[in-house]
Each structure stands twice: as structure tokens, then as C-alpha cells.
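Reader: I am new to this structure. Please show me how to read its features one by one.

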Amino acid sequence: LLRVEEINPEYMLERSFYQFQNNSTIPSLEEKVKILEKQRDAVIIDKEESVTNYYRIRQQLAKLDSQIQQYITKPKYIVPFLQPGRLIKIVHEADDFGWGAVVNYQKKLNQKGTDFVYVVEVLLRCSTESCKTA
């Protein structure tokens, strides 16, 4: 298309069916945005300052909870409790695996060989579906 002087690629794109469909939906989308903005502006929150303060306090609590979790799960504090038979709850990020029993743990060097890593063997009840995907 670039070799032909009379045809402009931008003009061809603007006239294509796909571009026409996208351009034809713009007015309806703008109308939806206006309606949603009016609905948003119509929402009245009683004691908005109190709600904002509550939200900030909850954020601080979540941050402190995370710091406490990092502190108490340091090896020097948690290793004495990794005894065979102890029940532990397994949670990784958003995945909750439930309760399991500690079978054993081992202290190993990490792959870089700079620090120690603790590998905990845990007996967990798994569904048959999880076995198929593993």
C-alpha cells in the first residue's frame, strides 16, 4: 500500500469495517460514562471522614500484621516448634491448603550456597483433582 501514491494506509484503516465498528460505539460508551459518573456523584457516604480514618487504620493493621508474621516466622523462632506430629496451617499468598502434620524438616544450603533454607515435609490431605494436575 505504501508504494501506491494514491492510497493512504491510515485512510484504509479508518474506512475498514473494524474501525467503523469501534468508532460507532464511542457515543454510546461516552453516554454510559456520563451515566456512571452521575451515579458515582449521587452516592453519599455518611461520616466520610470516619470511614476514611477507619480504612487507614485497617491498612496500618494489615501492614503491622505482615511485619509480625515476617518476624515470628524467622527460623530462629519457628524451628523449635517444627516437631514431628505438630499441626500447622499451610497458606501461600492467596492459596490456603488447610491443616497438615509436620513429618520432618531439614536445613539445607540454598542454590546460591550463601544462606540456609529450611525444608519442611508436611502431610496434607489432597483431593484427587490436585493429584491429576501435579
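Reader: How many helices and strands does the protein have?

Author: Start with how elements are assigned. Helices (H or I, at least four residues) and strands (E, at least two) are DSSP runs, numbered from the N terminus. Here the protein has 5 helices and 3 strands. The order from the N terminus is α-α-α-α-β-β-β-α.

Reader: What should I know about the model itself?

Author: This is a predicted model: local features need pLDDT of at least 70, side-chain atom pairs count only at pLDDT 80 or more, and totals for chains, interfaces and linings use all residues. Residues are numbered from 1 along each chain as its sequence is written, and side-chain values use heavy atoms, with hydrogens and water left out.

Reader: What radius of gyration does the protein have?

Author: The radius is taken over C-alpha atoms, and the globule rule is 2.2 Å times the number of residues to the power 0.38. A compact globule of 134 residues would come out near 14 Å, but the protein has 29 Å. Its C-alpha trace spans about 80 × 55 × 35 Å along the principal axes.

Reader: What percentage of the residues is buried?

Author: Buried means under 20% relative accessible area, exposed over 50%, and partly exposed in between (1.4 Å probe, protein chains only). In the protein, buried residues make up 4% of the 134. T128 counts as exposed because its relative accessibility is 54%.

Reader: How do strands β1 and β2 pair?

Author: Two strands pair if DSSP finds at least two bridges between them. Strand β1 (residues 87-92) pairs with β2 in the antiparallel sense, over 6 bridges. V91 stands opposite D96 in β2. This hairpin has 2 residues between its strands, and E93 takes a positive phi near 55 degrees.

Reader: Which strand do 9 bridges join to β2?

Author: That is strand β3 (residues 116-124), and β2 and β3 run antiparallel. L109 has F116 in β3 as its bridge partner. This hairpin has 6 residues between the strands, and G113 in the turn has a positive phi of about 75 degrees.

Reader: Which residues does D96 touch?

Author: Contact means heavy atoms within 4.5 Å. D96 sits in strand β2 (residues 95-109). Leaving aside residues up to four places away in sequence, D96 touches K89, I90 and V91. Next come polar contacts. A polar contact is a pair of N or O atoms within 3.5 Å; within protein, one must be able to donate a hydrogen and the other to accept it, and residues adjacent in sequence count only if both atoms are side-chain atoms. The side chains of D96 and K89 are joined by one of 3.3 Å. The D96 side chain also reaches the backbone nitrogen of G98 at 3.0 Å.

Reader: How many aromatic pairs are there?

Author: Rings of Phe, Tyr and Trp (its six-membered ring) pair if their centres lie within 6.5 Å; planes under 30 degrees apart count as stacked, over 60 as edge-to-face and the rest as tilted. By this rule there are 2 aromatic pairs. The rings of Y71 and Y77 have centres 5.0 Å apart and planes at 40 degrees, so this pair is tilted. Y71 is partly exposed at 44% relative accessibility, and Y77 is partly exposed at 30%. The rings of Y105 and Y118 have centres 6.3 Å apart and planes at 45 degrees, so this pair is tilted.

Reader: Which strands hold Y105 and Y118?

Author: Y105 lies in strand β2 and Y118 in strand β3, so the pair ties together parts that are 13 residues apart in sequence.
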